[in-house]
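Keep the structure open beside you as you read.

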Amino acid sequence: MGIIKDFLTQTGIGVLTENPEFLIKTLIMYIIIGILFYLAIVKEFEPLLLLPIAFGMLITNLPGAELFHSEWFMVTDEPVNYINILNKGGLLDILYIGVKAGLYPALIFIGVGAGIDFAPLIANPKTLLLGAAGQFGIFMAFIGTILLGSFIAGFDSHVAGAIGIIGGADGPTAIFVTKILAPEYLGPIAIAAYSYMALVPLIQPPIMKAFTSKKDRKIVMKTLRPVSKVEQIVFPIIVTLIVCFIVPPASSLIGSLMLGNLLRVSGVVDRLSRTVQNGLMNTIVVFLGVSVGGTASAMTFLAPETLLIIFLGLCAFIFSTFGGVIFGNLMCKISKGKINPLIGSAGVSAVPMAARVSQIVGQKENPNNFLLMHAMGPNVAGVIGSAVAAGVFLTLFKA
């Protein structure tokens with residue numbers, strides 16, 4: 001009987017029931033995980049992101065499995081003992097090394113760069129301003145976190161910077177910044193960033209319609225000029241030099257993004273371009289999603305600070321959309337009706353979801369309106385803008 005009793009206490013059910021608080025929080029986490037599975041599989045909201053994240057959350061909350069040990073990575077007074085992690089760690093511990101080292105975000109940016117067409121931005125460089133305006137929420141959330149978060153949860157400027165980046169709707173950038181500035185909050189910040197990326201089609205349209213007139217939403221923009229191959233090749237090189245000289249901490253992200261794009265536009269390494277867009281990208285997305293979800297254990301995720309982070313992240317994303325739309329209205333007036341303000345909402349870096357939303361909302365007002373390529377200009381500019389914002393925060397607050 002003693003052997004049976006010992007066995008039962010070591011099963012998942014035994015571990016789960018020995019602590020009532022742990023039991024309740026774990027059950028709540030299962031409900032949250034179920035919602036994420038529903039959004040990913042049934043509603044198809046960014047399933048490539050949400051599905052691995054939800055599964056990572058599921059397996060990290062299996063009682064007694066010990067697949068992830070957050071305390072091994074959150075040390076501040078000594079280097080992370082990677083040898084110990086490789087020898088004794090669980091699956092999620094080993095996968096998380098790529099997050100802690102900043103490897104996954106950089107590799108994803110190579111794949112994103114290879115899939116991005118900068119031609120709309122090159123053809124209409126004014127849309128770079130919309131990409132900059134789309135980062136408004138990052139700095140508003142940063143200020144709000146300093147004022148509100150420090151009072152309620154004791155958040156400092158490092159945490160405020162990590163939370164603010166959620167407003168860029170860029171999961172890899174949010175992870176890259178958070179793992180440096182506030183690693184203890186990586187789980188909720190990463191999940192919030194990816195969730196809001198997935199919910200772009202739900203969050204953005206009401207804001208777009210509220211701050212634009214029906215007349216302006218019907219504006220049909222002129223076809224963009226053709227962009228030469230020389231322009232497309234020179235662009236990533238120039239952007240890398242300019243951005244990395246101004247904000248060196250952004251070099252990892254910007255350099256990876258522009259490398260991927262150069263593989264695409266050079267025309268001499270099609271095999272590499274296809275590889276980073278498909279095989280490499282898909283593999284890293286799985287590893288990143290599962291390892292990020294693995295940080296969301298019930299006892300740490302279900303805390304008041306987490307709810308505050310999710311709320312501030314939502315505010316950041318809303319303000320980013322608002323900033324882009326308002327600046328789109330301004331450019332519409334200055335251009336005397338030549339620019340549809342709806343493309344301003346694409347200034348966030350959720351590529352290409354935000355651009356598609358601009359297209360969908362515009363076509364509902366005018367079936368002959370095709371805004372997708374015009375919206376891709378501010379959309380890809382938003383990717384650059386969020387990386388620059390990340391570089392600014394890392395320059396100011398990195399220890």
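## Inside and outside

In helix α13, the buried residues are G171, P172, T173, A174, I175, F176, V177, T178, K179 and L181. Helix α13 spans residues 171-181, and because ten of its eleven residues are buried, it is largely enclosed by the rest of the structure. Keep in mind that this is a predicted model.

Now let's move to the surface. V230, V234, I237, I238, L241, I242, F245 and I246 make a nonpolar surface patch of about 800 Å². One of these residues, F245, sits in helix α17, which covers residues 229-246. F245 counts as exposed because its relative accessible area is 69%, and exposed means over 50%.

Charge gathers on the surface as well: K126, K222, K336 and K338 form a patch of positive charge. You can find K336 in the loop between α21 (304-334) and α22 (353-365).

What about the cysteines? A disulfide is a covalent bond between the sulfur atoms of two cysteines. Searching the whole structure turns up zero disulfides. Two cysteines to look at are C315, which is partly exposed, and C332, which is buried.

| Residue | Relative accessible area | Class |
|---|---|---|
| K336 | 76% | exposed |
| F245 | 69% | exposed |
| C315 | 22% | partly exposed |
| C332 | 2% | buried |

Is C332 buried or exposed? C332 is buried because its relative accessibility is 2%, and buried means under 20%.

Note on methods. Residues numbered from 1 in each chain as written. Predicted model: local features only at pLDDT ≥ 70, side-chain atom pairs only at ≥ 80, totals over all residues. Heavy atoms only, no water. Patch = residues over 30% accessible without salt bridge, like charges linked within 9 Å, V, L, I, M, F, W, Y side chains within 5 Å. Areas by Shrake-Rupley, 256 points an atom, 1.4 Å probe, with all protein chains shown as cover. Salt bridge = Lys/Arg side-chain N within 4 Å of Asp/Glu carboxyl O. Lys, Arg positive; Asp, Glu negative; His and termini not counted. Charge placed at Lys NZ, Arg CZ, Asp CG, Glu CD. Helix = DSSP H or I, 4+ residues; strand = E, 2+ residues; numbered from the N terminus. Buried < 20%, exposed > 50% of the residue type's maximum accessible area, 1.4 Å probe, protein only. Disulfide = S-S within 2.5 Å.
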